[in-house]
Amino acid sequence: MNSGFLDKLLERLGRVRPEEIRDYVVRLADEKGFFETIFDALHEGVIVTDPNGSITYLNRTACGFFGIERDAAMGRPLAEQLRGLDWHAIAASEKSVSRDMEVFYPQNRFLNFYVAPLRVDKAPVRVENAPVRVEKNSAEKGAASEQELIGYAVILRDITESRKSTEETIQSERLNALTMLAAGVAHEIGNPLNSLTIQLQLLGRRLRKLPESQRKDLVSSVEVAKEEISRLDTIIRQFLGAIRPARLERRLENVNQLVEESVRFLNAETTDRNIIVETELRSDLPLLDLDRTQIKQAFFNVIRNAFQAMKSGGILRVRTDMDDRFVSIRFADTGGGIPEGEMSKIFEPYFTTKAAGSGLGLLIVRRIVREHGGEIELLNDSGKGLALTMKLPLSDQRMRMLAAPPVPTEIEGTPGAKTQ
């Protein structure tokens, strides 16, 4: 609001007539509504508090960031609305503070949280509507005027996409390094494993020629060695499968049919664990250009993860849908979800919350979905369950051409205008 207008109003407040006061109030209300409209149009969240940290204003974007109602939040302490915010530490700094924060409700996102104290020069003392002039000596003339804290301005900027882009770049570089390392390790370990397998086979043939009394314990040891070699070989193949790109054998496939086949294949495990699988499959989905084997592998991994996370009697809901860009396959379980502090690690190699998990299942799922040009979304409700959504493009989305910017045309009737 125009400070000059306020100053003039305060100077004339003792001399204005009631009808003039009404006009001033109307003008103030109009200007307040105008600025609130502007702030509500911003993509950044704006919150204003009093010196004690109680909210005096917040715009629509800020309400959306934290899932709060404007009317209910007005006058309430900001720290009460934003759980986990150490407002006293921020206010004690008496300087502008910038922090990044992660929000889990109503949507998982990252925000840059910038707080700046609002100060104004203290108003001069007035006696009978006349300001008292205070003469400054030469030593005081260069000194800054005394200021009063009237509140804090909080600016919130959504940095989810930039942070996600940075994390994807780091993950891509990490996976490239892991791929090169894994190729070398697989080669160096694979050859000795093959040699050991051959030697154990030869040893087994010789053992068969020994008397039964001498052979029994030795055969058991050989079998244990074979099992451990097989386990090492499986770990190597799983790791390479998780990080190494595979050639896609694409053809048009019915996503609903692949979902049904995957669920049917795991019927025995479903019955054994007493788990209910509910499916809601949209009937008008188009055929997608997919690698049938790899997509089913992704479905298997997600379903098995859900089964292992749920206790007996859990429910897995599988739903297919589509929009103008993607066909989505959503798997929602009742397995209790993932602790919030571990959400950022869910796609890291060998990270698992299960005692017998390998930590490679979701890494493989993400690789398969990305190689199909798709995306993965996670919605975690700690204590209730996890919902994983695979988004597969209606067409190959690994690259797309952006529309050319419109060519400006001259207005008809002006010099040099072109007619169509």
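Trainee: Where does F35 lie in this predicted model?

Mentor: F35 lies in helix α2, which covers residues 18–40.

Trainee: Why is F35 called partly exposed?

Mentor: The relative accessible area of F35 is 33%. Buried means under 20% and exposed means over 50%, with partly exposed in between; F35 is therefore partly exposed.

Trainee: How do you know that the span of helix α11 is close to the expected one?

Mentor: Helix α11, residues 292–309, has 18 residues and reaches 26 Å from its first C-alpha to its last. The expectation is 1.5 Å times one less than the number of residues, and for α11 this is given as 26 Å.

Trainee: What makes D291 a cap of α11?

Mentor: A side-chain oxygen of D291 lies 3.2 Å from the backbone nitrogen of T293, at the N-terminal end of α11.

Trainee: What caps the N-terminal end of α9?

Mentor: N254 does, with a side-chain oxygen 2.9 Å from the backbone nitrogen of N256.

Trainee: Which residues touch the most other members of the largest nonpolar core?

Mentor: Of its 31 residues, these are F299, L316, I329, F331 and M390. Helix α11 gives the most to this core, with 8 residues.

Definitions and conventions
Residues numbered from 1 in each chain as written. Predicted model: local features only at pLDDT ≥ 70, side-chain atom pairs only at ≥ 80, totals over all residues. Heavy atoms only, no water. Helix = DSSP H or I, 4+ residues; strand = E, 2+ residues; numbered from the N terminus. Buried < 20%, exposed > 50% of the residue type's maximum accessible area, 1.4 Å probe, protein only. Polar contact = N/O pair within 3.5 Å; in protein donor to acceptor, adjacent residues only side chain to side chain. Core = buried A, V, L, I, M, F, W, Y, C linked by side-chain atoms within 4.5 Å.
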